[in-house]
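Please keep the sequence and the three-dimensional picture side by side while you read.

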Amino acid sequence: MVITVGLIGNPNVGKTSLFNKLVGARQYVANWPGVTVTRVEGATSYKEQTLHFIDLPGLYTLSATSLDEKVTRDFLLYSPPNVTIVVIDSMSPEQGMYLLLETLELNLNVIAVFNAIDEAKKNSIKFDKSSLESYLRVPIVLTSAHTGEGITELMETILATFRKPNRPKLLDYGPEIESKVAEFEQYFEDKYNKRFLSLKLVEGDKFAMELLKKDVEPTSVLPSNMSDLAIKIAKRRYEYVMNVLNRAMSKSESAITSMEAIDHVFTHKYIGIPIFFALMYLAFNFTFKASEPLVGLIEVGFQKLTDLIGSNSIFTSLISQGIINGVGSVISFIPSIFALFFALGIMEESGYLPRIAFLMDRAMYSLKLTGRSFMTLLLGFGCNVSSVMAARGLTDERERVTTILVSPFVSCSARIPVYLMIIGIAFPNHRAEAFFVMYLLSIALTALSARIINKIVMKGESIPLVMELPRYRFPSLSNVATYMWNRGKHFLQKAGTIILVASVIVWVLIYFPDPTNIENSFAAMIGKGLQFIFAPLGFQWQTVSALIFGSVAKEIIVSSFAQFYGGVGNIVLDPVTASALMVFILGYIPCFATLAAIKSETNSLKYPIISVVYSLSISYILAFLVSIIGRVIV
Amino acid sequence: MKLSEAPIGAQVEVLHIEESDITPRLRGIGVLPGIKIEVLKSAPMGDPRMYRVFNKVISLRSSEAELIEVQTSEDSPLPLTFVSPGKYRVEHIECGRIAWMNLSRLGIIEGAIVQLLDDRRVKTANGVYDVGFGKLRKIYVIPCKQECNHEIKNA
């Protein structure tokens, strides 16, 4: 017997944390709204029953407007789960209970969960469970995904609710609205939940209009005072919510907390943005200082191993050069990547990121984007594929496509080893600074591209934004570790698969046809053949070949370099060429995985092609400028 | 008054919302006629601003806040720049230590009764002063009720 359980709720109320607790999964939970943009499923068994949980994207109302909200609505409407859990934030229950009332109109089997009850207790907010139950007429469970409180009770309640379904009808909207609802029901096919759709129709929901019977013309049936009716319906729900809370919740007057004082500084009009950059700089400095000893150790280890095996025969050469040197050169940067994700994890986990989005919103406005897309783009620092996917959360189609197209310019973790390698060679004394500059440049290039794409490809107006700013939370070590691991492991997987395969291919191209002299290899032929294109930038054939191989995945640049020169330590690059090379790598060609994601998310071949052409030209121009300016200065 | 024009620190009540693409979401969050909203702070260049609806903090751009018609709640503290001449009680002063010391020397401190004169000067227990616009904006007051109906006496 499988019981399906859907989890819904406002954004950032802890649905995913709860899901992780229930299923024992390790989905990453960030402290900003809109992390879950597609449904995530997981199963567990409890008392010989299989519980199949579905974690759905957060929303405020079932009148969905963005793609991720539609995922949730369609799921509830077309494949209603056996049990639906509405997760409500105990610290601000009003909005969650509004969603609960809406959900009940879908005639679902509902449990209301008041999550973050530990935080509520700390702030002396108390709920009277039995009166909540009697007013809302659904089972109530008070939980904390953080401490684990109430989780077992929730499991029990799921079983009980499944055995004894309970679908209460709570609200009567008064004669004016009820008569309209009754009138509209005839316009919908029997297979739908008529009352829900009629009510949505009265609220002016566009989706409900689409589901009208074919012969019904929306304009002819809809009342002229629809906006008034929509407000009446919403007011009725909120009045009910407030009445219930007046009776079932007690809270003391809130004092100014230390968190508010911190927030005052972090979101300060003048010093907020400088603080953001200072924190980013600190994060990069930490990345180097924390990982330096380990990186050195791994490098030396791989070097020793290569020397031990030698490269006298074709077989030992494949092992030592192709595999150990090729893959090892990438692996040795893993501690740095984990350190960076650790630092970024703390920023995300604490709830600081949405504040940055708030501070930057004005700047994003001039790019015709929103603070929300800023957060989506920040995901790209991990992997561009995830930011392309997360763009689903953006309401406006134009903004979504723009965000997808500029995503590749956000410097993803695959580029970290490449920068680290080049910086280590050309700027050994200013590593944190050079790294920081690359990230600033990445942000600037992303902004510039958004501007250009908006001007040329997608013409349009700016879009409205309502964004929630979550509470600050003290980052827990286990959450930061999960964050770090979830993002870092992707890198390890790549090292074992695509990077390994590519390293072997590069080795073949180097070894044949002449193992004794690399200048006669196939790799050299390719590089020399195309070198004329990059001559203005001052790139050697090794660089050209590495860039070509690296278009599959950026880490392969490191592995190719290591093989061309027989180890990272032997590479020579002057600072100007190195800068031009890094700028070129920042922008040129999204990796295959990203291109595939762009194609599937936009559902057209046009955008991946635009992306390749645009990124190649802009990065070439920028790298050219850097090398010209660099040669003038040096 | 539009929500985008409400002064920071004020508590306002929603009167009316103009229909737009985001109205359903605003309704879901609780921005509805009769609901109270607190204006918290603004980002650089005055846009967007943070508002508190129930216990949730949201960020709204001025272009959206303009669609929301509000009035100030009766018991909401307002900056002195925002009120008409009359007697007020100082609720709180949003400024640094030094500015606070300077104001307290004039007799403008939390709990004091002050009178805004027709020429926009401020009469306190210590005397009548010209207070700059920047400082006036930081002094939040609520209208006086009966308890302070007597004349402000010069010390």
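How many of the nine residues of helix α1 (residues 15-23) of chain A are buried? Before the answer, a word on how the text is built: this is a predicted model, in which local features need pLDDT of at least 70 and side-chain atom pairs count only at pLDDT 80 or more, while totals for chains, interfaces and linings use all residues. Residues are numbered from 1 along each chain as its sequence is written, and chains are lettered from A and ligands numbered from 1 in the order in which they are written.

A residue is called buried if 20 or more other C-beta atoms lie within 10 Å of its own, exposed if 12 or fewer do, and partly exposed in between, with the C-beta atoms placed from the backbone. Helices (H or I, at least four residues) and strands (E, at least two) are DSSP runs, numbered from the N terminus. By this count seven of the nine residues of α1(A) are buried, so the helix is largely enclosed by the rest of the structure. The buried residues are Lys15(A), Thr16(A), Ser17(A), Leu18(A), Phe19(A), Asn20(A) and Leu22(A). Their cover includes the strands β1 (2-9), β2 (40-46), β3 (49-55), β4 (83-89) and β5 (110-115) of chain A, together with the helix α6 (151-163) of chain A. After α1(A) comes Gly24(A), which has a positive phi, near 75 degrees.

In soluble globular proteins, nonpolar side chains tend to be buried together. A nonpolar core is here a set of buried Ala, Val, Leu, Ile, Met, Phe, Trp, Tyr and Cys residues joined through C-beta atoms within 7 Å. The largest such core has 202 residues, and the members that touch the most others are Val86(A), Ala112(A), Val113(A) and Ile422(A). The element that gives the most to this core is α15(A), with 10 residues. Two residues are in contact if their C-beta atoms, placed from the backbone, lie within 7 Å. Leaving aside residues up to four places away in sequence, Val113(A) touches Ile85(A), Val86(A), Val87(A), Ile88(A), Val141(A), Thr143(A) and Leu154(A). A second, separate core has 13 residues, among them Val90(B), Val114(B), Tyr140(B) and Val141(B).

Helix α15 of chain A spans residues 334-349 and holds Ala343(A). Why does Ala343(A) count as buried? The reason is that Ala343(A) has 20 C-beta neighbours inside 10 Å. Beyond residues up to four places away in sequence, Ala343(A) touches Ala283(A), Phe286(A) and Thr287(A).

Next comes the division of the chains, for which the bounds come from an automatic or database domain assignment. Chain A is divided into domain 1 (2-163), domain 2 (175-235) and domain 3 (272-460 + 483-633). The centres of domain 1 and domain 2 of chain A, taken over C-alpha atoms, are separated by 28 Å, and their contact takes six residues from domain 1 and eight residues from domain 2. Chain B, with four helices and 11 strands, is assigned domain 1 (3-72) and domain 2 (78-148). The C-alpha centres of these two domains of chain B lie 27 Å apart, and the contact takes four residues from domain 1 and five residues from domain 2. Of the 155 residues in chain B, 36% are buried.

Finally, consider where the two chains meet. The contact takes 30 residues from chain A and 32 residues from chain B, and the largest share of the chain A side, six residues, comes from α11(A). Ala, Val, Leu, Ile, Met, Phe, Trp, Tyr, Cys and Pro count as nonpolar, Asp, Glu, Lys and Arg as charged, and the others, Gly among them, as polar. In these classes, the side of chain A that touches chain B has 16 nonpolar, eight polar and six charged residues.

A sheet also runs across the two chains, where two strands pair if DSSP finds at least two bridges between them. This open sheet of six strands has the order β9(A)-β4(B)-β3(B)-β2(B)-β1(B)-β5(B), with antiparallel pairing. β9 of chain A and β5 (68-72) of chain B stand at the edges with a single partner strand each, so one side of each is left without a neighbour in the sheet. β9(A) pairs with strand β4 (residues 56-60) of chain B over four bridges in the antiparallel sense, and Glu468(A) has Ile58(B) as its bridge partner in β4(B).
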